[in-house]
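Please keep the sequence and the model open beside it while reading.

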Amino acid sequence: MATLGLILYAEPLTQAFTRSASRRLPPTTVQRLAGPVGAFFLFTLAAQLTTLPIVIYYFRRLSLVSLLANPLVLPAQPPVMVLGGLQ
C-alpha cells in the first residue's frame, strides 16, 4: 500500500507544493525546496495516507504523532541503518 501511495500521490503532492510555494517564494527557491520537502515530507505523507486504513483496522487506533514523527526521523534513518548493518 505504501508503494501504491507513492505511485498515486507523490507527483500530485509535489506539484501542489510547487504551485503553493510559487505564490509566496521566488522560483529558484521553490525549485531548491521541492526536492527536500518532497523526499522528507510529501513522499512520507503519500505512503502514510494509503497505509492509514490498514493501520487503523489492525491496531484499532490512530496515532496523530506518527504523522509528524515519521518525516522528522527520516534524516537520521540512513546512518542508523548503516551503523546497524555494520554490527
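**Notes on the predicted model**

1. A nonpolar surface patch of about 1,100 Å² is formed by Met1, Leu4, Ile7, Leu8, Tyr9, Ile54, Val55, Tyr57, Tyr58 and Phe59. Please bear in mind that this is a predicted model, and that the remarks below are to be read as remarks on a prediction. Helix H1, residues 2-22, and helix H2, residues 27-59, each supply at least two residues of this patch, and H2 gives the most, with five residues.

2. Tyr9 is found in helix H1 and is listed among the residues of the nonpolar patch, and H1 bends by about 45 degrees at Tyr9, with a proline, Pro12, following within four residues.

3. As to the length of H1, its 21 residues should span 30 Å at 1.5 Å a residue, and its end C-alpha atoms are 28 Å apart, which agrees. The bend of about 45 degrees at Tyr9 should be kept in view when that span is read. Within H1, the residues Gly5, Ala10, Thr14 and Ala21 are buried, and what covers the buried residues of H1 includes H2.

4. Helix H2 also has a bend, of about 55 degrees, at Gly38. Gly38 is itself one of the buried residues of H2, which are Thr29, Val30, Ala34, Gly38, Leu42, Thr44, Ala46, Ala47, Gln48 and Thr50.

5. When residues up to four places away in sequence are not counted, Thr44 touches Ala39, Asn70, Pro71 and Leu74.

6. H2 is followed by Arg60, whose phi is near 60 degrees, a positive value in a residue other than glycine. Arg60 has its place in the loop between H2 and H3. With a relative accessible area of 65%, Arg60 is exposed, as the exposed class begins over 50%.

7. Leu62 and Ser63 are also found in the loop between H2 and H3. Leu62 counts as partly exposed, at 40% relative accessibility, and Ser63 counts as partly exposed, at 41% relative accessibility. Which residues does Leu62 touch, not counting residues up to four places away in sequence? Leu62 touches Leu52 and Ile56, and the C-alpha atoms of Leu62 and Leu52, which are 10 residues apart along the chain, are separated by 8.0 Å. For Ser63, the C-alpha to C-alpha distance to Leu52 is 9.9 Å, with the two residues 11 residues apart in sequence.

8. Pro78 counts as partly exposed, at 47% relative accessibility, and Pro78 and Ser20, 58 residues apart in sequence, lie 30 Å apart in space, C-alpha to C-alpha. Pro79 is also placed in helix H4, and Pro79 is partly exposed, with a relative accessible area of 44%. Pro79 and Phe17 are 62 residues apart in sequence and 28 Å apart in space, again C-alpha to C-alpha.

Definitions and conventions: Residues numbered from 1 in each chain as written. Predicted model: local features only at pLDDT ≥ 70, side-chain atom pairs only at ≥ 80, totals over all residues. Heavy atoms only, no water. Patch = residues over 30% accessible without salt bridge, like charges linked within 9 Å, V, L, I, M, F, W, Y side chains within 5 Å. Areas by Shrake-Rupley, 256 points an atom, 1.4 Å probe, with all protein chains shown as cover. Salt bridge = Lys/Arg side-chain N within 4 Å of Asp/Glu carboxyl O. Bend = angle between axes of the 7 residues up to and from the residue. Buried < 20%, exposed > 50% of the residue type's maximum accessible area, 1.4 Å probe, protein only. Expected span 1.5 Å × (residues − 1). Contact = heavy atoms within 4.5 Å.
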